[in-house]
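Hi everyone, thanks for coming. Today I'd like to walk you through one structure, so please have a look at the screen.

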Amino acid sequence: MSEKDKSLDFDIDQLIRENAQAVADYENSENVENQQQDLQDRQALRRVAGLSTELQDVTDAEYRQLRLEKVVLVGVWTEGTAQDADNSLKELAALAETAGSEVMEGLIQRRDKPDSATFIGSGKVKEVREAVIATGADTVVCDGELSPAQLRTLEQKVKVKVIDRTALILDIFAQHAKSREGKAQVELAQMSYMLPRLRGWGDSLSRQAGGIGGRGPGETKIETDRRRINDKMAKLRREIKEMKTSRDTKRSERRRNNIPSVAIAGYTNAGKSSLLNHLTGAGVLVENALFATLDPTVRKTQTPDGRIYTLVDTVGFVRHLPHQLVEAFKSTLEEVSEADLIVHLVDGSHPDPMEQIRAVREVIDEIGGGEIMEIIAINKADIAKPEVVMELLRKESNAYAISARTGYGVDTLVKAIEAALPKPKVEIKAVIPFNRGDLVSAVHERGEIISEEYLPEGTKLHAMVDGALARKIELL
């Protein structure tokens, strides 16, 4: 290659680097504005006071939009302590407020198991009806998943709309989904939930087809609705499968280049997006609300010696996460189940952080990530009770106290993450010519440098690398 060609190559490389830097600077400047815009969009989705939510008979498939204004919460305490039951109802209140409603009152009944007809006992049903009348509430929210029969019977008794915990979480997801994949996943979960809960006018709305062989009772309206929903669900599954291919391709490319993946998982509102922003400047929306972030965000970072790895911010978990959501979000949750390391973020200021840990581990086990190495990060240590943080540190062997807001303890956590990354297994000792700087760069990004020395004939490296990179160096 002539000196002119080399100079031309250098100029092109320089232009590419300058262009990449300009794009990065522009994106960083846009992050604050984008976050503010996201928050404004999110607030615009809040419920508008004055909308009527009284029950109306419908003849079409019943996709009732949850227009919550004033709600009464109802819980059944079947196990655990009174504090556990109280915490559960407080979490339901936070979910209802995230959906845009105003919580008027909360009632808990102690029972061995929920009533098969009305979820709560007949006496408590009357009490709920009285609370609805006294507060002017338009919706009753039950802390559990109700059967279709329980929903219908309870609505008839309290004379206002009744929804359960699952419907409430699905509504929050529908508000917060932004990407095409996220919206499709939420729609599929909603349809899976609504399918057995369809209502109609029964046989009186049967349809007849014309002509010989077409007369008779025909297909009822609710059967038509059910068929249409099944067709729509099949279409959504196909679309999600196609979108999953793109995610799988990106993940396999990272695997091919032996780039380790670290998933930040945890209970909703534990501070996962705040931690990712602190570590990488990702500019992910941060809001003090449940399920503020649904779409996973993957960001590249590197160790002090130049080794690259990715950090993934995932959807938050919650107690009794609806199985419809776990099924619909399977492609998204695979970012956790296929990670090399899970940073399990815990809200240290929560009244019961151990219950959060249990709930998150239950979901991780369900999606096949139970065997992956885990680091516990106790977030919000700046506002948590010191005795609670100390208890968590004693109970969890691989735990660190941090504050994503102030930066306290984050450096120690990063060192723990880097130490836990999978190590390359092939040892190399080689002198790489200066004209093969690409290989030196690859060793820094994908390997672990033991020693590095510059000689007249090239760069002398002693490092641990993966097998594919070791073969490339051997062929020099």
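Predicted model: local features only at pLDDT ≥ 70, side-chain atom pairs only at ≥ 80, totals over all residues.

Residues are numbered from 1 along each chain as its sequence is written, and side-chain values use heavy atoms, without hydrogens and water.

Helix α3 covers residues 122–135 and helix α4 residues 148–158, and they pack at an angle of about 55° with axes 9 Å apart. Helices here are DSSP runs (H or I, at least four residues), and strands are runs of E, at least two. Axes are lines fitted to C-alpha atoms over the stretch in contact, with angles from 0 to 180 degrees between N-to-C directions.

Who touches whom? Val125, Val128, Arg129 and Val132 of α3 meet Leu154, Lys157 and Val158 of α4, contact meaning heavy atoms within 4.5 Å. That group has five nonpolar, no polar and two charged residues; Asp, Glu, Lys and Arg count as charged, Ala, Val, Leu, Ile, Met, Phe, Trp, Tyr, Cys and Pro as nonpolar, and the others as polar.

Now the largest pocket, with about 920 Å³ of space. Its lining has 39 residues, and the closest to its centre are Glu79, Ser88, Arg319, His320 and Glu355. On a 1 Å grid over the protein atoms alone, a pocket is an open set of points where a 1.4 Å probe fits, with protein on both sides within 12 Å along at least five of seven lines; lining residues have an atom within 4 Å of a point. The volume is the space filled by probe spheres set on the points, which are joined across faces, edges and corners. Helix α11 gives the most to this lining, seven residues.
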